[in-house]
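Colleague: Could you take me through one part of this model, slowly and closely? I would like to understand how the two chains meet.

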Amino acid sequence: MNLFYDGSFEGFLSLIYEVYHQKMNVTTILKKNPHKFIFDEVLHVETDLSKAHKVFSSLKKRFSKNDINTIVRVFLCDSITFEMCLLEFIILGFKKNENLQNINYPSVFYIKGLEKEHMRLTHKMLGFVRFEELEDKTFYAKIETKFNVLMFLGEHFSKRLGNNPFIIHDIKRHLAYVKHEDMKEIRDVASFDEPLYSQDEAKFKSLWKNFFHSVAITNRTNIKLQKNLVPLVYRTYMSEFHD
Amino acid sequence: MKLTIDDKISILADGAKYDVSCSSSGSESNYKTGELGNTHNSGICHTFTSDGRCVSLLKVLLSNVCIYDCAYCINRVSNDIRRTAFTPRELADITLNFYKRNYIEGLFLSSGIIKNEDHTMLLLLQTLRILRHEHKFNGYIHVKLIPGSAKELIAEACLLANRVSSNIELPSSKSLALLAPDKTKAKLLEPLKHAREITMERNAKPISMSTQMIIGATGESDFDILKLSSALYDKALLKRVYYSAYIAVNNHKNLPVRELSTPPLKREHRLYQADWLLRFYGFKYDEIVTPQNQNLDIQFDPKTFWALSNLHLFPVDINKVSQEILMRIPGIGMRGAMKILQARKFKTLNFEDLVKLKISIKKAKYFIIADKNYQKQIPLYEDRLKIALMHNDKSIIQPNLFDFSIYTGEL
Ligand code: SF4
């Protein structure tokens with residue numbers, strides 16, 4: 001059986017509901033309606049909030065907190081087709097919770113590996129995000145990441161930046177984490193204008209670049225290693241790599 | 001000519017860059033609502049310089065003026081270089097602004113000796129006070145303790161900083177006498193001992209401390225160096241010892257000739273690997289180096305070299321042996337050992353299983369038994385194994401080979 005759903009978390013939970021209750025034998029799961037029907041049979045699973053809710057509460061009953069976090073993290077690896085493995089992972093967990101520790105199952109190994117990849121990306125981004133100060137003293141950062149890590153970044157900087165308002169703008173996903181006083185939330189961003197920067201912004205960028213170039217030791221230059229550690233895809237918004 | 005603030009940061013970062021004892025990991029989180037900054041347990045790299053080193057902290061000197069003349073140091077008084085200083089306020093302002101833009105985890109502050117030790121330590125403290133008291137800054141601060149400064153100043157530094165350090169600089173008193181006649185090992189270690197005492201009095205846990213040794217400027221062997229590190233770790237005086245390949249910036253009669261010297265990067269790398277074995281893998285220094293074999297092998301990493309000299313202990317059965325022994329298998333790191341422990345609870349692992357678990361068996365295969373199987377092409381003799389290992393190990397210098405160091409900001 002080939003299934004497709006709308007790509008949302010609720011949609012995926014609804015899909016689990018149907019698979020479970022109708023004892024489906026699934027072969028493929030797609031995020032969107034395929035343009036051409038390449039398969040003999042494609043079933044559209046509607047997103048149903050009450051079904052999603054039921055699945056989620058039984059997940060919470062039967063799975064450890066860690067395993068639920070794993071599921072959520074893997075779901076945020078949105079540029080990858082993880083659905084079949086995640087479905088298998090969840091089915092294994094429902095059968096016997098201990099299965100989820102058994103990394104000899106290919107799906108368990110894969111899901112745990114993907115979770116780690118998501119964590120590594122999050123951790124890298126904690127360092128590589130760059131804020132710029134706007135005219136109104138808001139700190140504004142643009143990001144473009146392979147996976148959706150916005151929520152984790154938002155939480156990290158909410159703790160870190162104290163009373164300073166900030167925005168982290170996920171350009172490709174059209175999302176923004178906005179923190180202002182006690183309010184923090186993730187918003188959709190339909191369109192935006194380039195903001196105005198504070199007067200000090202250029203000064204500190206220049207100091208930063210000078211610092212960055214001065215701490216390098218020329219006798220030890222190793223550009224290849226640098227490229228492994230900060231691959232080019234991360235450099236778009238890191239001013240030290242631009243003149 | 002008056003220097004701009006851009007000139008200053010270039011000069012004072014340049015003067016600090018040879019100090020490698022710079023990471024921000026290992027502090028517990030200390031977040032307070034509404035205040036600026038917190039520390040992160042696993043350390044964060046904000047960028048990597050063209051030499052492939054992690055930038056985690058704003059590493060600068062308050063001033064590169066110095067009254068001393070240590071032979072190996074770029075800032076020594078006899079060098080004709082541009083001299084300058086930040087005011088504490090200037091530096092605090094840059095730190096805060098860098099921090100808010102997420103350029104850094106915090107500040108790593110050191111200085112040449114201006115006028116005298118106490119005066120210098122006071123200026124460093126002044127910067128820390130502005131950050132901590134005026135701005136309620138909770139980010140990471142690492143400050144150098146100036147050897148020879150007053151005890152009260154060291155006590156205050158321990159209150160304000162997350163980590164303090166004082167560099168041993170050279171691995172023996174003899175070398176110090178040759179190259180830094182104003183310093184003695186006792187004088188350099190004194191502020192660390194003192195810092196430990198006062199923080200232990202305040203609360204049971206000592207403040208986190210580290211030191212740095214310059215490698216290759218003087219004649220000590222790796223045996224001498226690792227013995228010293230191991231003693232410092234055993235006494236729990238230090239959390240980290242950093243090794244810094246000597247980079248010739250000066251000429252001096254007691255130093256290697258500048259034009260002929262290249263930094264011993266491979267040796268530095270091997271020392272870090274050996275240090276890692278001391279701290280996390282349960283090795284004793286005299287298992288890795290011996291009075292007969294004083295230096296680490298350049299061809300093979302210390303663990304492989306150890307295994308080659310102890311072949312009577314191998315092969316080991318990965319389905320049976322303890323975690324300690326798993327971690328002693330060449331090519332199996334901490335993560336690999338954890339995966340094996342986890343997976344073998346459910347089944348007896350064979351070679352194929354290891355590959356599925358993405359554990360590299362390139363090196364390990366010569367040293368293990370898996371489900372009654374072991375590799376049979378190469379007999380377990382030192383010389384035969386060496387040739388086999390050399391063929392599949394085209395290692396290049398990569399100072400960040402360890403399991404998770406890349407992500408933690410630990411060098
Ligand atoms: S005291 Fe420090 S800064 Fe001064 S010359 Fe010696 S090593 Fe350099």
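**Where the two chains meet**

Modeller: Happy to! Let's begin with the charged links: four salt bridges are counted between chain B and chain A. Please keep in mind that this is a predicted model. In one of those bridges, B:Arg101 pairs with A:Glu133, and their closest N and O atoms lie 3.4 Å apart.

Now step back to the whole contact. Chain B contributes 66 residues to it and chain A contributes 55 residues. The size of an interface is often given as the accessible area lost when the parts come together. Here chain B and chain A bury about 5400 Å² between them, and 61% of that is on carbon and sulfur atoms. On the chain B side, the residues that lose the most area to chain A are B:Arg101, B:Tyr103 and B:Phe346, together 13% of what that side buries.

Next, zoom in on a pair of helices. Helix α7 of chain A, residues 201-214, packs against helix α1 of chain B, residues 5-14, with the axes 8 Å apart and at an angle of about 25°. Angles under 35 degrees count as roughly parallel, and therefore α7(A) and α1(B) are roughly parallel to each other. The crossing of α7(A) past α1(B) is right-handed.

Which residues meet there? From α7(A) come A:Ser206, A:Leu207, A:Asn210, A:Phe211 and A:Ser214, while α1(B) brings B:Ile5, B:Asp6, B:Ile9, B:Ser10, B:Ala13 and B:Asp14.

Terms used
Residues are numbered from 1 along each chain as its sequence is written. Chains are lettered from A and ligands numbered from 1 in the order in which they are written. This is a predicted model: local features need pLDDT of at least 70, side-chain atom pairs count only at pLDDT 80 or more; totals for chains, interfaces and linings use all residues. Side-chain values use heavy atoms; hydrogens and water are left out. Axes are lines fitted to C-alpha atoms, for helices over the stretch in contact, and angles run from 0 to 180 degrees between N-to-C directions. Helices (H or I, at least four residues) and strands (E, at least two) are DSSP runs, numbered from the N terminus. Angles under 35 degrees count as roughly parallel, over 145 as roughly antiparallel, 65 to 115 as roughly perpendicular and the rest as oblique. A crossing is left-handed if the near helix is turned anticlockwise from the far one by less than a right angle, and right-handed if clockwise. Contact means heavy atoms within 4.5 Å. Buried area is the accessible area (1.4 Å probe) that two parts lose on being put together, summed over both. A salt bridge is a side-chain nitrogen of Lys or Arg within 4 Å of a carboxyl oxygen of Asp or Glu.
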